[in-house]
Amino acid sequence: MKRDRQPISSTSTQRSDASQLQNEDREENLHLNKLYMSCMIFFSVIGGFLFGYDTSVIAGANLFVKDDFPTYTDFQKELVVSMTLLGAAIGSLTGGPISDKFGRKITILVADAAFCTGCVIMAFTPSIFILVVGRFVVGIGVGVAAMVVPVYIAEISPKNIRGVLVNLNVVFIASGQFLALVICLLLGKNWRYMLGLAGIPALLQGIGILFMSESPRWLFKNSRESDAIEALERIYSEPLERLFGIIEEQREEANKVKQYENYPYKELIKQSFSKYSRCLFVGCGLQMFQQLCGINTAMYYGPDIMQAAGFGDENNRKVTLLSSLPLAFVNAMGGVIALTFIDRMGRRWILLRTLPFVALFMGFIGIGMGFRNHTNENQDISQNFGGWLAAGGIFLYLMAFSIGMGPTPWTVNSEIYPLHLRGVCNSLSATTNWVSNFAVSFSFLTLLNHVPYGDIFAFLLILLFAAMAFLFVFIFLPETKGMSLNKVLELFIKDKKEILESEDE
């Protein structure tokens, strides 16, 4: 039952900068309801776990699908992997308007429905075509979850730990990838169970999120002030009067954008590409380079890469799968390490110090493949050296990537957009991620196996993209750590008057 309360007056919204800073400092001093916040974060990041599990489990399942479908070709394998990414692109694009119209919680439930439906289709598929359909439906869930979960976490989190909490979603993505491979090893040839099991955590998330609060910022934006204040009271273990600063800040942010509440979606997209084009450019650019830097070639085709490097046995699929398990573990550990740095050192700081190593270690893989597969003299020595260089390179690459380029694009995108465009812009940036992912994963095996010297060229091309990503971050990305979401926006539109004018249009 909701408690009756008198609305807090909004006559003080025109506060001085000093007063605003004082209120922002108070937010850091407010006591969180740790148990409730932990539940909100846990039920949110299950979406990240499903993202990781559903995109990684196919690496193991693909090794055994041919047992049931003997004509399973490389092209069909690429299609089964990539169709999830195509679905994710569509899910990301549609998730934005759904989350802005109906709320972050409803959107998470939409993702869970897609996960459960797709898992049932895949578990009982009678043909490759139906398997592709199931992967596409799961992909819609992945795309919706990838778009909405970071936004939801960012909007409910205090600014001083926002980066850590958003990054937890990425840790759960990596954990899902690791656990997917463990389950593949445990289940052996039972690839249908591998693909169907993801329905269980999706069901858990759907039930749990029903009992969590909606984003207070979304509630304020949609004129549900009483519900928003009640949500803040559940998030913080403080009396109502102590929440005055954060209530005023979020109400003020919402009041500025209420005029856009009934705007057509195409008008919001138009505004994203005009007044806030720099925000969108940086957000989409980071998501594009995340994929062009090659992470999902390592995760989706890990067994194939390790086998090409000489580790694993094409006649013993479990050994091949086991050889890729440490890759997923290193990827998860890198995300955990990033938790300690992302709010202390900053988003830009991490990227500028890890991207050079991403490029360097991807070069190791390419050179190792060259020695392994294209050396005639001292063949045994060259092959051994090349195999170890490629295997060592992929481990070091994953560590560097998972600390920096893995979590940071999602964190930055969750905090750089104005409230009324947060769903729209995150949809566009996440769609950029999935389209890039689709292009890379769909072409990678063909490039690796059917283009002359493709096993060298593919990895050196990723090295070049990593170098370009470094220049992009150096030139365009400001530091956003420790700032309120309103202050972050001012980094991208220097003239504060221009922000206000764009909000009055």
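1. For which residues does pLDDT stay under 50, and how many contacts beyond four places in sequence does the model have for them? The stretch is residues 9–25, for which the model, a predicted one, has 22 such contacts. Over residues 500–505 the pLDDT is likewise below 50, and this stretch has 15 contacts beyond near neighbours in sequence. Where pLDDT is low, the predicted coordinates should not be read in detail.

2. For the protein as a whole, the average pLDDT is 82, and 84% of the residues score at least 70.

3. Thr125 is placed in the loop between helix H4 (104–123) and helix H5 (128–156). With a relative accessibility of 1%, Thr125 counts as buried, because the cut-off for that class is under 20%. The side chain of Thr125 reaches the backbone oxygen of Ser127 at 2.6 Å. Leaving aside residues up to four places away in sequence, Thr125 touches Phe69, Ile130, Leu131, Trp191 and Arg192.

4. Most residues other than glycine have a negative phi. Ser223, although not a glycine, has a positive phi of about 60 degrees. Ser223 lies in the loop that runs between helix H9 (216–221) and helix H10 (225–235).

5. On the surface, a nonpolar patch is formed by Phe281, Leu471, Phe474, Ile475 and Phe476, which together have about 500 Å² of accessible area. Helix H21 (residues 454–476) supplies the largest share of this patch, four residues. Phe474 has its place in helix H21 and is partly exposed, at a relative accessible area of 48%.

Definitions and conventions
Residues are numbered from 1 along each chain as its sequence is written. This is a predicted model: local features need pLDDT of at least 70, side-chain atom pairs count only at pLDDT 80 or more; totals for chains, interfaces and linings use all residues. Side-chain values use heavy atoms; hydrogens and water are left out. pLDDT is the predictor's confidence in each residue, from 0 to 100. Contact means heavy atoms within 4.5 Å. Helices (H or I, at least four residues) and strands (E, at least two) are DSSP runs, numbered from the N terminus. Buried means under 20% relative accessible area, exposed over 50%, partly exposed in between (1.4 Å probe, protein chains only). A polar contact is a pair of N or O atoms within 3.5 Å; within protein, one must be able to donate a hydrogen and the other to accept it, and residues adjacent in sequence count only if both atoms are side-chain atoms. Patches are made of residues with over 30% relative accessible area and no salt bridge: like charges are joined within 9 Å, nonpolar side chains (Val, Leu, Ile, Met, Phe, Trp, Tyr) within 5 Å. Accessible areas come from the Shrake-Rupley method with a 1.4 Å probe; for residues, only the protein chains shown count as cover. A salt bridge is a side-chain nitrogen of Lys or Arg within 4 Å of a carboxyl oxygen of Asp or Glu.
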